[in-house]
Every structure is written in C-alpha cells, then in structure tokens.
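Hi everyone, thanks for coming.

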Amino acid sequence: MIELRDIKKGFGDKEILKGVSATMESGKVNLIIGSSGSGKTVMMKCIVGLMTVNSGTILYNDQDFTAMDEHEKKTIRQEIGMLFQGSALFDSMTVEQNVMFPLDMFGKGSYKEKKKRVMECLDRVNLKDAAKRFPAEISGGMKKRVGIARAIVLNPKYLFCDEPNSGLDPQTSLLIDKLIKELTLEYTITTVINTHDMNTVMESGDHIIYMYEGYKQWEGSNEEIIFAKDEKLNDFIFASEFLRDAKEMRQMEMFRDKNWRDRLQGGKPEK
Ligand SMILES: Nc1ncnc2c1ncn2[C@@H]1O[C@H](COP(=O)(O)OP(=O)(O)OP(=O)(O)O)[C@@H](O)[C@H]1O
C-alpha cells in the first residue's frame with residue numbers, strides 16, 4: 001500500500017501539487033487521471049522518488065519514504081517495477097537480455113537461475129518464442145509486453161506504469177490492461193497507472209484518482225464514477241455524446257444489479 005499525506009510540490013513560485021492525500025492499495029489497479037498539466041506526472045515522479053516533495057509524507061507499507069536516506073530509499077526502489085511510455089527497451093539487446101537487465105543489476109543467484117526467471121516472465125506475457133529477437137523486430141504491443149516482463153522480473157511489490165496504452169490500437173490496449181490487472185491480482189502488487197485512456201478507466205479502475213489543477217478533485221472506483229456528481233470529473237470523463245450515452249447504459253445495467261447496489265456505499269444510487 002502507498003499512502004500520500006498532504007504532498008506539495010512546486011517549482012520556483014509555481015505550485016504544482018497543492019496538498020494531495022490519497023491511498024493506493026495492494027492488489028488493486030490505481031489510476032491517476034486528469035487533463036494535461038494537472039500534475040499527474042509530477043505526482044508519480046514524487047512517489048517513486050525522481051522528484052522530492054516540498055512538504056507532506058509518502059508512505060510505502062507504512063514506512064516513511066520521505067524521511068529515508070538514499071540507502072533506505074534504494075531498498076524501496078528495488079521493490080518497484082516501472083513500465084515506461086514507449087517501453088524504453090535497449091535496442092542493442094535481445095528481448096531476453098532486456099528482461100535480464102534488472103536481474104543483472106540487482107538480482108542474486110546464478111546465471112542459470114536468472115535465465116529461468118527471465119523465461120518464466122516471458123512465458124507469463126506470452127513472449128517466450130520472441131526471446132532472441134531484437135526490439136526493432138517486434139510490434140509495439142510486444143514491446144509493451146517485454147516492458148511488463150522486465151518490470152515484474154524482480155517480483156515487485158509496486159508497479160508504476162506511465163501511459164501503458166500510448167501508441168497502441170484499441171484491441172492491443174485492452175490486452176495490455178488485462179495483463180496488468182491479472183499480474184496485479186496474481187502477485188498482490190500495488191499498481192499505479194498514469195493514463196488518459198477511458199477504456200482503462202472503465203475496465204481496470206479499481207481505484208481512480210482524478211487530478212484537477214494540482215488538487216485531488218475526486219477519487220473512487222470505476223463503478224462509483226458512473227454515479228459521480230462532480231461536475232469537473234463528469235466534464236472530463238464523459239466529454240463526448242457517445243461516452244455520455246455509454247454512461248447512461250452502464251447506469252441502467254447497474255440499477256438492475258442488486259449486488260452492485262449493496263456494494264455501493266450509502267445504499268441505493270441516486271440517478
Ligand atoms: N521539472 C519541472 N520544472 C518546472 N515545471 C515543471 C517541471 N515538471 C513539470 N512541470 C510543470 O508542472 C505542471 C504539471 O506537469 P505534469 O507533467 O505533471 O502534467 P500531467 O498532468 O502529467 O500532463 P500530461 O497529461 O500532459 O502528461 C506543468 O505546468 C509543467 O510545466
């Protein structure tokens with residue numbers, strides 16, 4: 001679990017994060033959404049320690065990351081897997097060597113054990129047959145899957161994904177979302193995704209944090225978002241007529257589902 005307590009970050013006299021508190025639970029896909037410039041990337045960089053907050057606290061499983069020295073932070077960083085926008089693979093290395101890289105940097109054990117772990121991860125993302133190929137020889141979706149295999153090779157407790165669907169077609173995007181969700185559940189990872197993809201929001205958003213001009217404007221699940229009253233959130237999420245229609249249809253479906261009604265905090269959803 002990751003907990004943010006009133007984090008603030010600015011550059012010069014420009015305040016970007018204006019006091020954000022949020023909790024990201026393990027075994028859940030936590031999404032950070034919001035329009036361009038709302039502070040999503042700055043927030044993610046602060047959480048992983050690529051930027052230092054001006055004030056506030058970031059806790060990793062109740063350990064205060066913001067109060068740690070570099071050596072202690074390194075221990076947490078080794079528990080973090082990262083999936084970068086554009087996959088960020090090494091072009092001169094094969095798929096297998098790319099996935100091996102974090103193991104060579106931080107992993108223990110013999111070459112044989114490391115190789116076994118690499119092949120397990122490649123198998124998990126269905127890419128065992130592509131092990132000897134180079135990034136230039138595989139598709140964008142395959143590159144993302146290599147990126148995912150590399151992100152999970154050290155058995156991370158936390159997984160950060162920056163725009164995992166950027167540049168992918170809708171079908172491949174759904175496959176990547178499904179894979180990330182499955183891995184999150186399988187290994188009880190605290191997954192944090194920075195995304196603009198509305199499919200991801202609706203299909204994978206166990207917990208959604210909506211950022212607006214440096215504040216956390218709204219948070220809730222992909223079920224709660226359907227009934228959310230927040231005007232700014234609704235303008236952002238259901239921007240097109242098509243999406244507003246989809247929202248109404250999902251609302252009707254949910255009204256018919258007694259289990260969902262019982263799950264919703266506060267009982268019966270208001271229309
Ligand atoms: N290193 C930096 N120095 C100064 N200003 C910065 C720096 N990094 C980000 N900013 C500013 O912080 C604000 C928020 O940027 P951020 O990248 O977090 O937005 P975002 O919500 O991730 O946007 P997008 O969806 O377009 O990626 C922007 O105004 C940006 O110019």
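Helices (H or I, at least four residues) and strands (E, at least two) are DSSP runs, numbered from the N terminus. And please keep in mind that this is a predicted model, where local features need pLDDT of at least 70, side-chain atom pairs count only at pLDDT 80 or more, and totals for chains, interfaces and linings use all residues. Residues are numbered from 1 along each chain as its sequence is written.

With that in hand, look at the hairpin of β9 and β10, which has two residues between its strands. Strand β9 covers residues 207–212 and β10 covers 215–220, and they pair antiparallel over five bridges. One of the bridge pairs joins methionine 211 to lysine 216 in β10. In the turn, glutamate 213 has a positive phi of about 45 degrees.

Now for the open sheet. Four strands form it, in the order β2-β1-β4-β5, with antiparallel pairing. Its edge strands are β2 (14–24) and β5 (63–64), each pairing on one side only. Helix α1 packs on this sheet and touches β1, β2 and β4 (55–60), where contact means C-beta atoms, placed from the backbone, within 7 Å. The direction of α1 makes about 65 degrees with that of β2; axes here are lines fitted to C-alpha atoms, for helices over the stretch in contact, and angles run from 0 to 180 degrees between N-to-C directions. Strand β1 (residues 2–11) pairs with β2 over eight bridges, in the antiparallel sense. Within that pairing, isoleucine 2 has methionine 24 of β2 as its bridge partner.

On to the ligand. Which residues are around it? They are Phe11, Ile16, Gly34, Ser36, Gly37, Ser38, Gly39, Lys40, Thr41 and Val42, counting a residue as near if its C-beta atom, placed from the backbone, lies within 6 Å. Helix α1 (residues 40–48) gives the most to this shell, with three residues. By type, the shell has three nonpolar residues, six polar and one charged. Here Ala, Val, Leu, Ile, Met, Phe, Trp, Tyr, Cys and Pro count as nonpolar, Asp, Glu, Lys and Arg as charged, and the others, Gly among them, as polar.

Next, helix α3, residues 95–106. Its Val95, Asn98, Val99, Met100, Pro102 and Leu103 are buried. A residue is buried if 20 or more other C-beta atoms lie within 10 Å of its own, exposed if 12 or fewer, and partly exposed in between, with C-beta atoms placed from the backbone. The cover over those α3 residues includes α4 (111–124) and α5 (140–152).

Glycine 27 sits in the loop between β2 and β3 (28–34). Its C-alpha atom is 5.0 Å from that of isoleucine 189, although the two are 162 residues apart along the chain. Leaving out residues up to four places away in sequence, glycine 27 touches Thr184, Leu185 and Thr188.

Is aspartate 62 buried or exposed? Aspartate 62 is exposed, because it has 7 other C-beta atoms within 10 Å. This residue lies in the loop between β4 and β5, and its phi is positive, about 70 degrees, although it is not a glycine.

Terms used: Contact = placed C-beta atoms within 7 Å. Pairing = 2+ DSSP bridges.
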